[in-house]
Amino acid sequence: MKQTGVVILGATGSIGRNTARVLECHPDRFRVVGLVARCNTEELARQAMLFRPRLTVTTDPERLPELRAALPPGLETATGAESVLELVTAPETDMVLCAIVGTGGLAPVLAALRAGKRVALASKEVLVMAGEIVQRELDTSPGGSLIPVDSEHSALFQCLAGRNPDELRTLWLTASGGPFRDWSSEQIAAATLEDALAHPTWAMGPKVTIDSASLMNKALELVEAHYLFRVPPERLKVLIHPQSLVHSMIELNDGSFIAQMSKPDMRFAIQYALTYPERSAAGKLPELDFSAGLDFDFRLPDRRKFPSLDFADEAMRRGGTLPAVMNAANEVAVEKFRRGEIGFSRIWSIIEQTMAAHEVEPQRDLETIHAADREARVFARELR
Ligand code: MG
């Protein structure tokens with residue numbers, strides 16, 4: 001079997017490190033063509049020595065000497081956006097896994113799609129900010145395809161496989177509900193950073209963990225699902241499922257539900273995106289243990305306590321630059337909360353005020369989106 005050439009963007013983050021673990025279990029199936037990361041030189045060098053890619057890239061030029069010094073001769077290093085674009089469009093690259101946090105994934109994902117590559121997408125920002133542009137790229141570039149790596153979207157993708165879209169009633173995204181699920185509004189308003197970082201089921205980076213506590217993570221995922229599956233907002237719903245075993249489900253027009261479940265471990269979604277349409281037993285993924293009994297709870301979210309889902313509805317309905325603005329305002333607000341400048345509930349009002357002040361424009365090109373993003377950040381930063 002021909003090895004699949006893979007480029008990993010964001011190799012040292014939580015998704016990137018889990019991807020490395022999956023790839024390690026499939027040495028014959030995949031060849032790592034390139035590794036890209038920004039700051040964790042030590043982990044980047046570790047992976048480079050393990051996989052021996054053609055090129056190892058740090059996007060921070062100041063870290064290049066450090067990376068170079070950490071690698072033996074014969075392992076090429078580089079920095080800069082150009083080397084990333086070269087890697088994702090290279091002939092030996094079959095697939096690009098994008099797990100870059102923030103806006104850095106936009107240009108390489110679009111370039112990879114245009115070059116006809118399969119993109120395994122973990123970066124929420126790509127579809128949230130530029131969903132309409134990504135859709136246009138997918139419609140016009142032959143061969144390019146997008147496979148979700150977010151656990152909810154991977155679940156929906158698996159449930160939808162080969163199904164007639166006319167038979168679909170609703171996509172149900174599950175959410176753990178985060179640590180504040182059963183807290184009162186007063187308790188949430190007084191929550192500390194430590195409280196927000198105590199996620200009950202998933203081990204993730206700090207930004208995503210805070211987004212889970214505010215349900216902004218689910219808001220971003222609704223927008224992502226809207227653009228990825230081309231489903232209108234009224235067919236997208238959220239269900240709180242504290243055990244995080246059912247990763248999402250679809251409801252069909254006869255009232256039947258189809259769900260995907262597994263232990264909450266990102267390697268399931270990562271491995272499926274890498275091996276799709278096949279499955280692999282080689283990943284040694286954790287098994288569900290029913291011996292002590294397993295409980296499954298489902299309930300609707302409390303939208304008065306968690307206004308994030310309403311922001312997502314508005315962002316989807318109005319489209320254009322508004323989802324990017326929602327995302328930018330959230331990032332600024334989360335930063336302020338992490339620095340102790342604002343209380344937890346202020347995250348929501350900062351997003352609400354920033355979205356209300358924005359004049360929505362169509363997604364003409366990446367520059368329109370970047371401009372809206374910058375403008376929203378300046379506006380949100382000024383808010384106290
Ligand atoms: Mg998710």
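Helices (H or I, at least four residues) and strands (E, at least two) are DSSP runs, numbered from the N terminus. The model is predicted: local features need pLDDT of at least 70, side-chain atom pairs count only at pLDDT 80 or more, and totals for chains, interfaces and linings use all residues. Residues are numbered from 1 along each chain as its sequence is written, and side-chain values use heavy atoms, with hydrogens and water left out.

**View A. Thr275 in helix H12.** Thr275 sits in helix H12, which covers residues 267-275. Its relative accessibility is 3%, so Thr275 counts as buried (under 20% relative accessible area; exposed is over 50%, partly exposed in between; 1.4 Å probe, protein chains only). Leaving aside residues up to four places away in sequence, Thr275 touches Arg29, Phe30, Arg118 and Ser280. Contact here means heavy atoms within 4.5 Å.

View B. Asp150 (OD), Glu152 (OE) and Glu221 (OE) are the protein donors, lying 2.1 to 2.3 Å from the magnesium ion. Donors are N, O and S atoms within 2.8 Å of the metal (3.2 Å for Na, K and Ca); water is not among the atoms, so sites may look incomplete. Along the sequence, the donor residues follow the spacing D-x1-E-x68-E. Asp150 and Glu152 are both buried.

**View C. A salt-bridge network that includes Asp150.** A salt bridge is a side-chain nitrogen of Lys or Arg within 4 Å of a carboxyl oxygen of Asp or Glu. Such bridges link Lys124, Asp150, Glu152, Lys218 and Glu221 in a network. Within this view, Asp150 pairs with Lys124 at 2.9 Å, N to O. The pair links distant parts of the chain, 26 residues apart: Asp150 lies in the loop between strand E7 (145-148) and helix H7 (151-160), Lys124 in helix H6 (residues 124-140). Asp150 is buried, with a relative accessible area of 8%. Lys124 is buried too, at 13%.

**View D. Two further salt bridges.** The whole structure holds 29 salt bridges. One joins Glu335 to Arg339, with the closest N and O atoms 3.5 Å apart. Glu335 is partly exposed at 35% relative accessibility. Another joins Arg364 and Glu361 at 2.6 Å, N to O. Glu361 is partly exposed, with a relative accessible area of 35%.

**View E. Helix H14 and the largest nonpolar core.** A nonpolar core is a set of buried Ala, Val, Leu, Ile, Met, Phe, Trp, Tyr and Cys residues joined through side-chain atoms within 4.5 Å. The largest one has 119 residues, and Met326 and Phe344 have the most contacts inside it. Helix H14 (residues 322-338) gives the most to this core, with 10 residues. The core also draws at least three residues from each of domain 1 (4-148) and domain 2 (153-263 + 295-318). Met326 touches Met216, Ala219, Leu220, Val223, Phe311, Ala312, Ala315, Ile351 and Met355, not counting residues up to four places away in sequence. In H14, 15 of 17 residues are buried. Just after H14, Gly340 takes a positive phi of about 80°.

**View F. Domain 1 against domain 2.** The bounds, from an automatic or database domain assignment, are 4-148 for domain 1 and 153-263 + 295-318 for domain 2. Their centres, taken over C-alpha atoms, are 27 Å apart. The contact takes 12 residues from domain 1 and 15 residues from domain 2.
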